[in-house]
Each structure stands twice: as C-alpha cells, then as structure tokens.
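Please keep the structure open alongside the text while reading.

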Amino acid sequence: MLICVSVCLDSPQNHGRPWYKDNRHVSMGAEKWLDIELWDSTKECFKMLKSRGYRIATTHVGMDAVSILDLDWSSPTTIVVGNENRGISDEALELSDLHCSIPMAGMVESFNVSVAAGILMHHAVCDRISRMGYHGDMTVEECQILLAEFLLRHSKSSISIVEDYAMRKAVTLT
C-alpha cells in the first residue's frame, strides 16, 4: 500500500499563514519514506486525487458516516483525517465521496489524529487482504521502481546500493 501524503494549506483557522512543517521529533524519520505534496486548496487536492483514480473517504461522526467495519476497502482510497479539535473542513466533507467513522466504545468521542490514521490504515490493509488476498495495487515493476526511488533518495550511499543491486541482478540472470 503506497501512502502519499498530500497537505492542504487552506485552513481558515490559520488566516492564510502556512502551518505545515516537517516535525522529525513526532515522525521519528518516517517522513523520509513519504511523498509529500502541498496544495493551496482542498478542491485542487481532491481533484488531483480523483484524477489518479482514488475515492475520497473523510472521517466524520455525522449521521451519514459509515463504520469503517462496513466499508469495502478494495478500491484505491484516500483517507482524510482531521484533528480531534477541528475535525474535517465543511468543504472537504462536501467534496469527499463518503464519510466514515471508527466505532468507539466508552466515554471517548475521538481519537488522536495519529491513532485514528493508524487504525484506519490497519483496517484498510486487513480488509484488502481478506477480500483480495493482497493489500497493494502496484505491479511488481512499480514496486521495484518505488524501492529504487526510496533507496536513491534516502540512502547515504545510494551509488553503492545501485552497484550492489546491479551485481546481484547480473548473478541471478547468469
């Protein structure tokens, strides 16, 4: 499952000031494995995601929200998660294809955004595996290209990794 993080910067609560920045203390370096795209508007971001074949699911506690347990996650889906204070913007809710919620028991009404995202992604992967036998949509070639991109982008010794891979590939072909 490829995770592409698109950050929309049109938060009305921020009065037009940019609010996104990498926080390596929170992510513990995970951001280096993500493709982060910045967008000026929710509409532009969602339009691009839909053009790439994704349906857009926003987390929401409204009456029209479907439990994540009842959704079929086998089609490519973008999951939009809001924070526990402000939630999802009205525009994002309107432009999304569906609203979903995480079933909760007890007195708590919301999860921390990272906990909610983790629960959603874990459930989506499990659902895809149970329905399809695998969780990703990428071909073997696309997986190899993605791995090579990550190794080249994020390794201190990219050239030696490429040389090592070429030698191993040459050995397997002979």
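Arg131 is partly exposed, with a relative accessible area of 45%, where buried means under 20% relative accessible area, exposed means over 50%, and partly exposed lies in between (1.4 Å probe, protein chains only). The model is predicted, so local features need pLDDT of at least 70 and side-chain atom pairs count only at pLDDT 80 or more, whereas totals for chains, interfaces and linings use all residues. Residues are numbered from 1 along each chain as its sequence is written, and side-chain values use heavy atoms, with hydrogens and water left out.

**Salt bridges around Arg131**

- Searching the whole structure gives 3 salt bridges, a salt bridge being a side-chain nitrogen of Lys or Arg within 4 Å of a carboxyl oxygen of Asp or Glu.
- Asp72 and Arg131 meet through their side chains in one of these salt bridges, at 3.4 Å from N to O.
- Because Asp72 lies in the loop between S4 and strand S5 (77-80) while Arg131 belongs to helix H4 (residues 113-132), this pair ties together parts that are 59 residues apart in sequence; helices (H or I, at least four residues) and strands (E, at least two) are DSSP runs numbered from the N terminus.
- Asp72 is partly exposed, its relative accessible area being 34%.
- Arg131 also forms a salt bridge with Asp127, for which the closest N and O atoms are 2.8 Å apart.
- Asp127 and Arg131 are 4 residues apart in helix H4, and are therefore separated by about one helical turn.
- Asp127 is buried, with a relative accessible area of 9%.
- Through salt bridges that share partners, Asp72, Asp127 and Arg131 are joined into one network.

**The salt bridge between Lys50 and Asp97**

- Lys50 pairs with Asp97 in a salt bridge whose closest N and O atoms are 3.2 Å apart.
- This pair links distant parts of the chain, since Lys50 is in helix H2 (residues 42-51) and Asp97 in the loop between helix H3 (90-95) and S6, 47 residues apart.
- Lys50 counts as partly exposed at 36% relative accessibility, and Asp97 likewise counts as partly exposed at 43%.

- Arg128 lies in helix H4 and is buried, with a relative accessible area of 2%.
- The side chain of Arg128 reaches the backbone oxygen of Trp73 at 3.0 Å.

**Strand pairing with S6**

- Strand S3 (residues 55-59) pairs with strand S6 (residues 98-101) in the parallel sense over 3 bridges, where two strands count as paired if DSSP finds at least two bridges between them.
- Within the pairing of S3 with S6, Ala57 stands opposite Leu98.
- Strand S4 (residues 66-67) runs parallel to S6 and is joined to S6 by 2 bridges, with Ser67 standing opposite Ser101.

**Cysteines**

- The count of disulfides comes to 0, a disulfide being a pair of cysteine sulfur atoms within 2.5 Å.
- Cys126 counts as partly exposed at 38% relative accessibility, and Cys143 is partly exposed with a relative accessible area of 38%.

Conventions
A polar contact is a pair of N or O atoms within 3.5 Å; within protein, one must be able to donate a hydrogen and the other to accept it, and residues adjacent in sequence count only if both atoms are side-chain atoms.
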